[in-house]
Amino acid sequence: MVAEVGLLDRLARRVEDYRFTLRLGEKGRVASVGDGIAWVYGLPSAAAEEILHFEDGSRGMVFELQKERLGVILLDPEANVASGSLVSHTGERLEIGVGDGLLGRVVDPLGKPLDAMPPYDADGFSPLEGASPPIVARDFVNRPLYTGAKVVDTLIPIGRGQRQLIIGDSGTGKTSLALDTVVAQAGQGVKCVYVMIGQKRSEAALVIDLLRRHGALAYTTVVVGEATATPGMKYLAPFAGCAIAEGWMRRGEDTLVIYDDLTTHARAYRELSLLMHRPPGREAYPGDIFYLHARLLERSTRLSPDHGGGSLTALPLVETEEGEIAAYIPTNLISITDGQIYLDRRLFAAGILPAVDVPLSVSRIGGKAQHPRIREEASRMKLDYLQFLELEVFTRFGTKLEAGTEVKIRRGRLLREILKQERLNPLPATFHLAWMIAFNTGLLDAFEPNTLPDALQKILAGLEHVPLPLDTGRDEWLVRLKNWLDDVP
């Protein structure tokens, strides 16, 4: 009752103080509409990325500023905007609702539900186009983000807050590796956002169904800018996913964003820019194509404890053609990110899965985030593996090899067999440490490739029966490993 009285008093004062005054405003008109965009004239004070209201109640976002007119992205596909419609300012920026209400939901780049469920309850709103955190708000990447993949977690490790590119030809397992990483976050305290850009509805349904069947949708939000969407919606999709993840990061939580994929995003941006009559540059991309992805990925970081201590890890996917890693968009993204995981078509065809090309893959800061015990065991493993790959080339010519070289080649082939892994089978960090100790101490040397899977399965079963923490001493690990491997025939 007291609140109602207060409200009435405020309304009464407002009516009492109301005076007729001259108010200046701008009204524009739509010049033309098509392909998800509109050209508007008559709003000289409009700002870039400002939201405009059309006469029919729909919205648009200013994308292109020209001397006489504005290029506007239409945000409501069902809009009834026509030539001559009135347009007005709002002074607002495009935002999306964030919070735990998004977990398990499938939304479009504007936050509208696509899963036939009611609108979600947002804890707040985050701008799609926001500034990246300043240097003083950032901290070092020093905690690991486990993908569950043996080859990644040991030889190409990723830290929370890192930007790691997944690159390769079409059909080499990029999406599979990204989905495995999301599935591996169960129980890790990491909330995930999976952004699908320009994919068919059937492909999006498969991804969502897979996440649901493996229990990963409970801690994941899926943002879909499907193939039939306008170029504007596909352009906004990764920024929407980033804004959702930032909402959790600012609350001090760890998040992971998958951008699947940025090649399609670059093409959508090129299409949108050409529609807006922007001058084309190399391969018809606009001149700011590098800035487009730099400003997106720069928002991934780990915040300092004074700013909540949350992190946003980004795994952008990019497609190459015929293995051309030096193409325009891939090289741009390689220079922006903190490393790349390169998937090779020949390895995929040979059945070496995941088809990670270790020599062309690198993680520039992930090693700092590895657990000290895993880093210690993996310290020389990548170098030894690279030497093995070089030496193996000579065996193709029937060259007689000295004994030491033969041992290196045999152990390299053994390691290659160990690194093979089935899809959707994430493995814990303790298992990675266990097999590395067994490999480095020669406990696995006696096994042939056909008996090696049984030995690894024995180690995994032993760990599930008697868990050992990562900090356990190496001697105790060796005692347990010998007991487990003695039972393997």
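A salt bridge is counted here when a side-chain nitrogen of Lys or Arg lies within 4 Å of a carboxyl oxygen of Asp or Glu. In this predicted model, Glu448 and Arg410 meet that description, their side chains forming a salt bridge with an N to O distance of 3.7 Å. The pair links distant parts of the chain, since Glu448 sits in the loop between helix H14 (429-440) and helix H15 (452-465), while Arg410 belongs to helix H13 (residues 403-419), 38 residues apart. Glu448 is partly exposed, with a relative accessible area of 43%, and Arg410 is also partly exposed, at 38%.

Helix H13 and the loop between H14 and H15 are joined by another pair as well, because Arg411 lies in that helix and Asp445 in that loop, so that parts 34 residues apart in sequence are tied together. The side chains of Arg411 and Asp445 meet at 2.7 Å, N to O, and Asp445 is partly exposed, with a relative accessible area of 26%.

Elsewhere in the chain, Arg163 forms a salt bridge with Glu298, and the closest N and O atoms are 2.9 Å apart. Arg163 is found in the loop between helix H2 (150-155) and strand S10 (165-169), and Glu298 in the loop between helix H7 (289-297) and strand S14 (311-320), so this pair ties together parts that are 135 residues apart in sequence. Arg163 counts as buried because its relative accessibility is 11%, under the 20% cut-off, whereas Glu298, at 31%, counts as partly exposed.

Salt bridges also link Asp100, Asp123, Lys191, Arg251 and Glu253 in a network, and a search of the whole structure finds 32 salt bridges.

Terms used: Residues are numbered from 1 along each chain as its sequence is written. This is a predicted model: local features need pLDDT of at least 70, side-chain atom pairs count only at pLDDT 80 or more; totals for chains, interfaces and linings use all residues. Side-chain values use heavy atoms; hydrogens and water are left out. Helices (H or I, at least four residues) and strands (E, at least two) are DSSP runs, numbered from the N terminus. Buried means under 20% relative accessible area, exposed over 50%, partly exposed in between (1.4 Å probe, protein chains only).
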